[in-house]
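Subject: Structure handover

Hello,

Here is the structure I said I would pass on. My notes on it follow below.

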Amino acid sequence: MSHTEQEVIARVAKKLYIDGKWLDAFDLATFGVEDPSTGTILTSVADAGPTDAIAALDSASKAFDSWSTTAPRARGEILRRAFEAIVQSADYLSLLMTLEMGKPLAESRAEVIYAADFFRWFSEEAVRIDGRYYQAPDGNSRVLTLKQAVGPAYLITPWNFPLAMATRKLGAALAAGCTVILKPAEQTPLCSLALTQILIEAGLPDGVLNLILTSNPAVITDTLFEHGGLRKLSFTGSTEVGKMLVAKSAGSLLKVSMELGGNAPFLVFDDCDLDKAVDGAMVAKMRNMGEACTSANRFIVHSSVAEDFSQRLSQRMAALSLGRGTEGEIAVGPLIDIDAIAKVQHLVLDAVAKGATVLTGGKRLGAQGYFFQPTVLLGVDSTSEITHKEIFGPVAPISIFSSELEAIQMANATEYGLVAYVYTKDLSRALRVIEQLDTGMIGLNQGMVSNAAAPFGGVKHSGFGREGGFEGIDEYLTVKYVAINHRTGL
Ligand code: NAD
């Protein structure tokens, strides 16, 4: 590690943050954080157990009354100050993110700015929590509705966007007036530690944010669900874990939001601008080394442009430089761990065994760190595992279609429904296809949909609930209705 890298790691507290205090785990346990570009341990952080989880929930419960009745403007201004602090700390946060997660520095910086934007957006939404007053249809009474914070919220985030997945939840929750327990993924706790420090400095009162780091998320989660007092669960992660948490949360009937896995189709019609489609494909596939829920997982290309598209995409993929994200002009960093390498390699081999041709890449690169070559597969059969599973790696499988109907059927032939990409210049076709795709989001002639001002979320096994946009704050609010007899007076 360079001197600057050591300084960045030294700057973060490596502890839990509960009721306004940085604490060691009750049993003093710690766990290591790995650098995926070398496989070495960067540092160790406190490893929470059940006692710490209960302390965090008690703290969030205690702080709820005061925070939920704090003036919305005051809540918003804390978020606004935190937004500014994140932007000012972009160099430090980017390096920290690259070290623990692996993505190239330029991508980390883009995530830092995207992450900050959720705090700016929700600082503006905090003051727009509304209600209604209207006449009942029979004219005999009046209906009043008001929205109130749902209660202490448990926020679980994945490793692939260590900062943005946290701010996307925290921004909405804090703006709504919820107190929270934030539990980042065990692979990437450092960004959450830095974020917590920023929120403390922005003036967040004690107990409003409690940070729990753990190498055993199941134990912490079970403890929180059983302890009582939690009212909300917001989870971003795999569909497999999400389904299990929905089932477990039923015991305490939590209000639940689920941002789960994807299997995004990327449709290339013969009437599209092929240059733009290739540009969009590179973004949709290679952002985050393919480790994004929104990553293009299946390229579905019209037969008349399939050859041209595949060649151009392969050339662009083959030209990408791989390496440690902290170094120079690196375009592609490592995957998160050895399991990710094994999974991606298996999916490629299975596709090839079922008839696909490798146009470029196809293998792990080197023995140190977890690098996989940017890969393009042509002629991928629909029975291949890669068409049904989330790849989460830099592999672009291409299948061919010949009619619009066939393209839509292929796109919808998945249990997931997070995002789809459509490239066409024909407006009528675009509208027809948009309406028929079973998905929560669509990129129309655009390879990226993420935007703090837009409702992010999926359908089918990609989950339910929305983050960001005007909808995001509602995930943390309940509606109270008052029936008013306006004739008799109070
Ligand atoms: P994961 O499901 O393994 O882990 C996600 C989080 O859940 C982590 O914090 C982890 O510690 C926790 N967790 C794991 N097992 C748990 C358990 N038994 N009980 C409680 N918590 C548990 O997913 P991951 O590998 O960290 O992230 C990748 C997945 O996240 C992909 O499927 C990706 O598509 C999805 N994702 C979705 C979105 C979205 O907005 N839809 C965004 C980013 C990532």
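Glutamate 404 and arginine 432 form a salt bridge, with the closest N and O atoms 2.8 Å apart; a salt bridge here is a side-chain nitrogen of Lys or Arg within 4 Å of a carboxyl oxygen of Asp or Glu. The pair links distant parts of the chain, 28 residues apart: glutamate 404 is in helix 13 (residues 404-412) and arginine 432 in helix 14 (residues 427-436). Helices (H or I, at least four residues) and strands (E, at least two) are DSSP runs, numbered from the N terminus. Glutamate 404 is buried at a relative accessible area of 16%, while arginine 432 is partly exposed at 39%. Buried means under 20% relative accessible area, exposed over 50%, and partly exposed in between (1.4 Å probe, protein chains only). Through shared partners, salt bridges join Asp270, Asp271, Glu404, Arg429 and Arg432 into one network.

This is a predicted model, in which local features need pLDDT of at least 70 and side-chain atom pairs count only at pLDDT 80 or more, while totals for chains, interfaces and linings use all residues. Residues are numbered from 1 along each chain as its sequence is written, and side-chain values use heavy atoms, with hydrogens and water left out.

The salt-bridge count comes to 24. One of them pairs glutamate 475 with lysine 232, at 3.8 Å between the closest N and O atoms. These two are 243 residues apart, with glutamate 475 in the loop between strand 21 (463-464) and strand 22 (477-484) and lysine 232 in strand 10 (residues 232-236). Glutamate 475 counts as buried at 15% relative accessibility, and lysine 232 is buried at 0%.

Another joins the side chains of arginine 316 and aspartate 279 (2.9 Å, N to O). Arginine 316 lies in helix 11 (residues 303-318) and aspartate 279 in helix 10, so the pair ties together parts 37 residues apart in sequence. Arginine 316 is partly exposed at 36%, as is aspartate 279 at 39%.

Two backbone points may be worth a look. Leucine 253 has a positive phi, near 45°, in a residue other than glycine; leucine 253 sits in the loop between helix 9 (239-249) and strand 11 (255-259) and is exposed, with a relative accessible area of 73%. Asparagine 288 also has a positive phi, about 65°, although it is not a glycine. Asparagine 288 is in the loop between helix 10 (274-286) and strand 13 (296-302) and is buried at 0%.

Regards
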